[in-house]
Amino acid sequence: MTMPEHDELDLIAAEYVLGTLDPEEARAFQQRLVDDAAARTRLAAWEQRLARLGLDLEPVEPPAHVWEGVARHTGIARTESAVSSPAVAPAAAANDAPRVRRWRRLAMAASVAAVLLAGLAVYELPLWHEGATSAPSYASVIYDKPTGMSWLVTSTADGRKLSVEAMGDFNVPSGKMLRMWIKSANGKPELIGQLPHTRGHYTMPLSAKLRAQLGDHSEIMVSMEDTSRAGTTTPGGKLMWVAPVAHRTG
Amino acid sequence: MAEREQLAEWLAATARGDEQAFKRLYAATSPQLYALLLRILRSPERAQDALQDAYVRIWQKADTYSPERGAPLTWLLSIARYRALDLLRRRRPEVAMPEEPDRVATLLEDEQSLSPAQENENQQSLAAINACLAQLSDEQRESVLLAYYEGLTHQELAERMNAPLGTVKSWIRRGLLRLRDCLAEGSS
């Protein structure tokens, strides 16, 4: 029996939110979201439905350094490095039905227990975290308002590496690529390299020449170019975004 | 002011670049997001990384929130969970985890102070979804909860539940549809 189209879309949205779609299906749905209002509506509805499950956990106060990291990465003032415990903390499921609790325990026992043991487990930290011990000296945020896509670009304190955090997936047509440039106040754009357009963390070395371009009045520029232009070192496509570079003191 | 409205107000102010509002939003909501991230990622370090990433994203995307997207807290939880899924998909730790649910209750018994309004609203949401979960078959319920709280893929669910892949997909899909229909009945 064939499922009605609206149910099929609803299920894809549901499984996208749940996280069970395979990567190709998830990417296809992400692309559909760009210009399909019905898909966006269904996505939002499922986010609301399933997020209720997230309320069914006892709140846990995060360590203060998390807020400090947020402040550092957003560039906001850190006048209150440790945010005090909230007066309006979200509710815990204090009166949850015991049998539902049991289901969850069965379903989640392994992962919950793992919290206790996490200090013993050796996990590979995300690559970008390597830079956390040396504060970035420059940062820039590239933001595409129509899609909400953003990239956080930071340089390490010694200026030898550039880190790019792609906060989502951005649709780049076949045969095209995003190229990232650095331009000082009075200079011409110098090629940094291709800007990754799928969610993840990326690092690349910064040459001395590029480091010299990095400063308070420099800008990150991104162009959309034909892939056939790989190997060229001057911008030749459509200018997509220009983002100022800010000096970081934290 | 109701908590939902308060959070929505802070979100709106955050979208305008109000740092104080963002700090208050963080203070009010980060314990709930952190709890979810701990549950999914199984590691305080990874959960803290994900929490930081989530709030950076919230700061950047606050202007995309609207009341039509639902309650502010559930929107924030979705952002955090997506981040956790990204990290899980990048690398899933392969460490055998013993089951010690009773110790967890001891570890997590530090209660946050709750405002009556928010407690009531959240408990209503919880009661609704718990009632609907009760209507699912055991397999449907377990597969949906494992996917939500552990971020398991279809294949991983099939292995965990020792069931064929097609069967697990069917449990998930049927379970989700029943959940949707049940929640709709409850709100009508």
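## A walk from the core to the sheets

Once neighbours within four places in sequence are set aside, Ile58(B) is in contact with Leu11(B), Phe22(B), Leu25(B), Leu33(B), Leu76(B) and Ile79(B). In soluble globular proteins, nonpolar side chains tend to be buried together.

The mean pLDDT of chain B is 81, and 80% of its residues score at least 70. Among the elements of chain B, helix α2 (residues 19-41) has the highest mean pLDDT, 94, whereas helix α5 (residues 101-107) has the lowest, 27. Where pLDDT is low, the predicted coordinates should not be read in detail.

Two residues show how the chains meet. Leu43(A), which lies in helix α3 (residues 37-54) of chain A, is buried because its relative accessible area is 8%, under the 20% that marks the limit for a buried residue. Beyond its neighbours within four places in sequence, Leu43(A) is in contact with Ala13(A), Tyr16(A), Val17(A), Phe29(A) and Leu33(A), and also with Tyr82(B) of the other chain. The C-alpha atoms of Leu43(A) and Ala14(A) are separated by 6.9 Å, although these residues are 29 apart along the chain. From chain B, Arg180(B) in helix α9 (residues 165-187) is likewise buried, with a relative accessible area of 14%; leaving aside neighbours within four places in sequence, Arg180(B) is in contact with Asp7(A), Asp10(A), Trp46(A) and Arg49(A).

The largest pocket has a volume of about 1,500 Å³ and is lined by 44 residues, of which Tyr16(A), Gln30(A), Leu33(A), Asp169(A) and Arg199(A) lie nearest its centre. Elements of both chains give two or more residues to this lining, namely α1 (5-18), α2 (23-35) and α3 of chain A and α3 (44-61) and α4 (72-90) of chain B. The most is given by α4(B), with eight residues.

The strands of chain A complete the picture. An open sheet of five strands runs in the order β6-β3-β2-β1-β9, with antiparallel pairing, and its edges are β6 (200-205) and β9 (246-247), each of which pairs on one side only. Within this sheet, β2 (residues 149-155) and β3 (residues 161-166) of chain A are joined over five bridges in the antiparallel sense, with Thr154(A) having Ser163(A) in β3(A) as its bridge partner.

Elsewhere in chain A, strand β7 (residues 219-226) has two antiparallel partners to consider. Eight bridges join β4(A) (residues 176-183) to β7(A), and Met177(A) stands opposite Glu225(A). Six bridges link β7(A) with β8(A) (residues 238-244), where Leu239(A) is the bridge partner of Ser223(A). Six of the eight residues of β7(A) are buried, so this strand is largely enclosed by the rest of the structure.

Terms used:
Residues are numbered from 1 along each chain as its sequence is written. Chains are lettered from A and ligands numbered from 1 in the order in which they are written. Side-chain values use heavy atoms; hydrogens and water are left out. Buried means under 20% relative accessible area, exposed over 50%, partly exposed in between (1.4 Å probe, protein chains only). Helices (H or I, at least four residues) and strands (E, at least two) are DSSP runs, numbered from the N terminus. Two strands pair if DSSP finds at least two bridges between them. pLDDT is the predictor's confidence in each residue, from 0 to 100. Contact means heavy atoms within 4.5 Å. On a 1 Å grid over the protein atoms alone, a cavity is a set of points where a 1.4 Å probe fits but cannot get out, and a pocket is an open set with protein on both sides within 12 Å along at least five of seven lines; lining residues have an atom within 4 Å of a point. Grid points are joined across faces, edges and corners, and a volume is the space filled by probe spheres set on the points.
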